[in-house]
Amino acid sequence: MLLWTSITQVPIVIVLTVYTFVVTGEVRYSIPEEKTRESFIGNIAKDLGLDDQRLKTGRAHIYTEGGTEYIELNVNKGILVVKDRIDREQICERIIPCLLHFQIVLENPMEFHRVTIDIVDINDNNPSFTKKYIRLEISELSVPGALFSLPSAVDSDVGINTLKSYTLTPNDHFKLKMQAQSDGSSSVNLLLEMPLDREKQEEHFLLLTAVDGGEPQRSGTVEINIIVLDANDNAPVFTEDIYKAAVLEDSSIGSVLIRVNATDADKDMNGYIKYFFSHVADNAQGIFEINPDSGEIKLIGQVDFENRKMYEMTVEAKDVGGLVSSSKVIIEVIDVNDNVPFINLMSVSNQISEDSLPGTVIAMINVQDKDSGKNGKVSCLVSQNIPFKLKSSLNNFYTLETDGFLDREKVSQYNITIVAKDEGQPPLSATHSITLQISDVNDNVPKFEKQHYTTYIMENNAPGSSFFSVRAKDDDSDLNSRISYFIEERGISNISVSSFVSVNSDEGVLYAVRSFDFEQLSHFQVSVTAKDRGSPPLSSSVIIDIYVQDQNDNHPEILYPVLSKVSPVAEFIPRSADVGYLVTKVVAVDKDSGQNAWLSYKLVKPTDQTLFEVGLHNGEVRTLRPVMEKDSSKQRLAILVEDSGQPSRSATANVNVAITDNLAMAFTEFSDFAQERSDSDIRFYLVLALVIVSFIFIVFIIVLISLKLHRWRSNKLFNECSNGTLPVIPYYPPRYAEVGATGTLCHVYNYEVCLTTDSGKSEFKYVKPVTQSVMEKDPSENEARGRISNNLIEDEDFLQVSFIMVQFAD
């Protein structure tokens, strides 16, 4: 339904900065509530006479004055659609009509249009009652025609959809009566048509239904529970004419003896009964009490069978209306065994030796009970599972004796409980405890924790250090359990054991008397005796196996090749040897054991690193490649033999290898090879001396040339010097000096060689002059010096000299 209200287009000018608002008209739509989202409402562009593009170019949007936006503008299609759920009851409650107002605002030029949406009610709410359950209490004395108000139903819908009428479940006693109110609404009442009788029917259940006028109709119901109230027309009646009860004379205060019960046909307050004593004998005053509500009779005083055996009382029951009935209560007192037996210790011992024989008397006992008959007849016994018994000597007299052998180590103390019990019902008993200490006898030998011990001690230990301890246990007490430790004297390799270990007599700690050597003694046994201090003393022994643990304190020993300074061992291989050729095998042993004796072999100083290799674990020296012609015929290998100890120890084996096909020539070469081996250290120092001398000689030549040039330039100056003028003294290198008043020039020549004690057996290898003369004044002197230098270089006898200095004087 679309309503168009024509409004004269009168421009309304409102000055807000520089904007002008134009109101062109109003559009009104009517839609039912609860329409789904995106539901079509109307073509706003068409109804406002606007172009579709105007909504886009004007950036049309909806403006609402607060509240929720239920309507959405689709600018592309120019239509209004439902944006959110519209519930008329939520928006307007019971207001009619229910209108939504908003504006559509456009820009360039700015204008707005009013839009009104009329929300039409639909029948979407059931009539409902504020309560789900109605309870009415009506007396059975109520007269017909009485009205009882009922709550009205509520329907959120309006108009024809609102509440219309009520209906009631058909029954014989009630019907509905409607009454108009001043505000136009109607109230509903329940009318009593027939009298109620609680004795016939105590409750009535009815169903009230409210119906609205919508299509389809909706309804709501509420359940009515009618309680018929009783009238007081019945007196209380006891369930029994006479009540009987029995009470024990030792019953505790507050004990419930009996409960009397009366019933009343009436209900609620009319059936509520109170109980009380109407007659109680004087001797029963303050002994019994009745609960007025429950009818329980309690004991509030002490009863004694010897004083009174029975009590009689009259009990009455009264309701609220004053109606009364009565009954008799008889209570009998029952005699009980209320006297406890008494135990009297006539004589008792608190301690006994563990070697006491069975039948030893510990205590004498007398038992009494003040009761008579069976209640006064007493039997006496001791707790079970102990080696003691009671023996009856006379009437109510007993002796406590041992019933077996005692063992203090198992049980050192007994708590003997003596129980005296009568034959009453229920029986009464008394107990008395005797604490009996068992004194010790030295009857247990010391026991070690183990039958056999094994311990370890590291070799090279410090003398006097402890390495093990033993502990023996003696189940006896005091001196009988105090233990001393001794080492049994025996020989170890014909040496007294006391020379190896000692023991602390009180603590059982073993000490090493000497430092052990695993290589000499790896295992021995010691017998330790533990002896207590009882009388007589008891002892036991234990064997201790002592194992000396190895330390890595021995270097590997080279068995092959044999080291010899006179004639070195050499291995010969032909030049035709191929890859993997077994040259030799280094054999070494280590006196240590275990990991400390695991040996590994490494090649450390080979003459040629590419030619040989050594097995890591077997020490076999093999060729890595075929032997070539360019390989030296004499090879020296240094093989490091290292154990696996921590820290590791090592030894070096030198292997000389001769590569030749001529065995005789090999022996000749090895004579020189042996000599070369003895001169290996000399060679290093001679090479070092050669390098140093060469360097000094080069420096000397450079200085000499410089001085020659300087003399040539200063020739004139030297002439002046001969005429008495002071000459310029040039700089000379070390060990060169011109001294003396006569102008004598001193020349010093230094020669340095390094030789060994066997240098006489070898040829001269390296000799170099350390310093030469720089200035030569006479050619004859030069020639002399050259001859001396040559003689020094060529003469082998000078090899015995470690340092030579030759000085020439002018």
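Analyst: Strands (E, at least two residues) are DSSP runs, numbered from the N terminus. This is a predicted model, in which local features need pLDDT of at least 70, side-chain atom pairs count only at pLDDT 80 or more, and totals for chains, interfaces and linings use all residues. Residues are numbered from 1 along each chain as its sequence is written, and side-chain values use heavy atoms, with hydrogens and water left out.

Pro-426 is found in the loop that runs between strand E33 (413-422) and strand E34 (429-439). The peptide bond that joins Gln-425 to Pro-426 is cis, with omega at about -5 degrees. A cis peptide bond also joins Gln-646 and Pro-647, where omega is about -5 degrees. Pro-647 has its place in the loop between strand E53 (634-643) and strand E54 (650-659).

Most peptide bonds are trans, and most residues other than glycine have a negative phi.

Turning to phi, Glu-38 has a positive value near 70 degrees, although the residue is not glycine. Glu-38 sits in the loop between strand E2 (22-32) and strand E3 (40-42). Its relative accessible area is 57%, so Glu-38 counts as exposed (exposed means over 50%, buried under 20% and partly exposed in between, with a 1.4 Å probe and protein chains only).

Asn-460, likewise a residue other than glycine, has a positive phi near 65 degrees. The loop between strand E36 (452-458) and strand E37 (466-469) holds Asn-460. With a relative accessible area of 39%, Asn-460 is partly exposed.

Note on methods: Helix = DSSP H or I, 4+ residues; strand = E, 2+ residues; numbered from the N terminus.
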